[in-house]
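Have a look at the structure first.

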Amino acid sequence: MGSIEFKGVTKRFGENTVIGDLDLTIEDGSFTVLVGPSGCGKTTLLRMIAGLDTQTAGQLLIDGKDVSHARPGDRDIAMVFQNYAIYPTMSVRGNIEFGLKNNKVSRDERRQLVESISKTVGLSDYLDRKPSTLSGGQRQRVALARAMVKKPGVFLMDEPLSNLDAKLRFQMRVELIELHKMLGTTFVYVTHDQGEAMSMADTIVLMNGGKIQQMAPPEVMYRQPANVFTAEFMGIPPMNVTRAGADGIRLGFRPENARLSYAPIDGAFTAQGRVVTREMLGSETVYQVRGGDDVFMVKSTDPGIDVDREVHLAVGEEHLVRFGADGVRIDA
Ligand code: ATP
């Protein structure tokens, strides 16, 4: 069991308010990803859950219990960091067992647990190796296994994949999703990478300036952004948002939902411009189209539109999102 509840939580470092009066409930068993630009307060939130930082005001509940002032060891959590924090002089087995030894678990039980968990994360054949002889992905698995033996109610992960190369990162994402399914435990995962958030989370919490911009499943976050910040943070390339129109209303549309043509075409939103760049991504091509004050990104399956050509752009009504002058989605 591991629901987490922030109630009116504020965190200040000196004069600097990093988190302001935050209310947030993380559901038991969810895979919740905290995402946002550098300095938005993600790590601070995670550290408060872990008990490594204490909130300046407000309450923090884990599984309904007020842990606002509980020590890290009394919170039923385990944390996996970016730099793994595994011990280089200990074998893989020693590293995994480490958390248990401190909890005075019997030797037989220890052996059984280490064996079943190392199997789960694919380390059975490496138990006697030293971390220095392992790949980055294997070391990351050691860190995960060490967190898992504690059987915590909540796993906290702070950019755990950022030291891995792109291919391995992709593979580990899939493994983490599977691990989460298997354990059914609450995962709270911090990243600045919206792609990582989109691919792993069942719930994304997007933060900016210590405030939650939107909390939603990936699909909703992508299709129904609560505001311009969310629209422009999620997706590569992000949502196009036009400059202020009548009454300050701004229109948004995803790059894959715009059509391009040399000849005029119909749509609820149309524009004209010049193709300034063309980037091949394999099955899709990303065009940058400059028209007046706007620069639009368009993702198309047609690779044959030339740079420097004047083009027409059109978007259907069903793909348009409207934002008010305050940046908030109008039909939200
Ligand atoms: P990043 O993605 O860069 O890690 P983040 O969203 O995790 O960023 P935090 O590490 O939570 O951001 O930091 C939020 C803000 O709090 C930053 O402005 C940071 O400078 C400040 N901060 C964090 N820890 C401390 C500290 N111990 N003392 C003073 N200020 C701090």
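Helix H1 is the biggest giver to the shell around the ligand, supplying three residues. Keep in mind that this is a predicted model. The elements that put two or more residues into that shell are strand E2 (16-26) and helix H1 (42-50).

Which residues surround the ligand? Going up the numbering, they are Phe-13, Asn-16, Val-18, Gly-36, Ser-38, Gly-39, Cys-40, Gly-41, Lys-42, Thr-43, Thr-44 and His-192. Sorted by class, the shell comes out as three nonpolar, eight polar and one charged.

## The chain as a whole

Zooming out, the chain carries eight helices and 18 strands. Of the 332 residues in the chain, 34% are buried. Looking at contacts with a separation of 6 or more, 63% come from residues 24 or more positions apart.

There are two domains here: domain 1 covers 4-228 and domain 2 covers 237-323. Taken over C-alpha atoms, the centres of domain 1 and domain 2 are 38 Å apart.

## Where H4 meets H5

Two packed helices are described by the angle between their axes and the distance between the axes. For helix H4 (residues 136-148) and helix H5 (residues 166-183), the axes come within 10 Å and cross at roughly 30°. The crossing of H4 past H5 is right-handed.

On the H4 side, the residues involved are Gly-136, Gly-137 and Gln-140, and they meet Leu-168, Gln-171 and Met-172 of H5. That contact is made of two nonpolar and four polar residues, with no charged ones.

## A cis bond and a glycine across from it

Most residues other than glycine have a negative phi, and most peptide bonds are trans. What is the peptide bond from Ile-236 to Pro-237, cis or trans? That bond is cis, with omega near -15°.

Gly-195 itself belongs to helix H6 (residues 194-200). Why does Gly-195 count as partly exposed? Gly-195 has 15 other C-beta atoms within 10 Å, and a residue needs 20 or more to be buried and 12 or fewer to be exposed.

## Two positive phi angles

Asp-76 isn't a glycine, yet its phi is positive, at about 60°. You'll find Asp-76 in the loop between strand E5 (65-66) and strand E6 (77-80). Asp-76 is classed as partly exposed because 17 C-beta neighbours sit inside 10 Å.

Glu-159 is another non-glycine with a positive phi, this one about 45°. Where does Glu-159 sit? Glu-159 is in the loop between strand E7 (154-158) and H5, the helix that H4 passes in a right-handed crossing. Glu-159 has 19 other C-beta atoms within 10 Å, so it too ends up partly exposed.

Key. Residues numbered from 1 in each chain as written. Predicted model: local features only at pLDDT ≥ 70, side-chain atom pairs only at ≥ 80, totals over all residues. Axes fitted to C-alpha atoms, helices over the stretch in contact; angles between N-to-C directions. Helix = DSSP H or I, 4+ residues; strand = E, 2+ residues; numbered from the N terminus. Left-handed = near helix turned anticlockwise from the far one by under 90°. Contact = placed C-beta atoms within 7 Å. Nonpolar A, V, L, I, M, F, W, Y, C, P; charged D, E, K, R; others polar. Near = placed C-beta within 6 Å. Domains from an automatic or database assignment.
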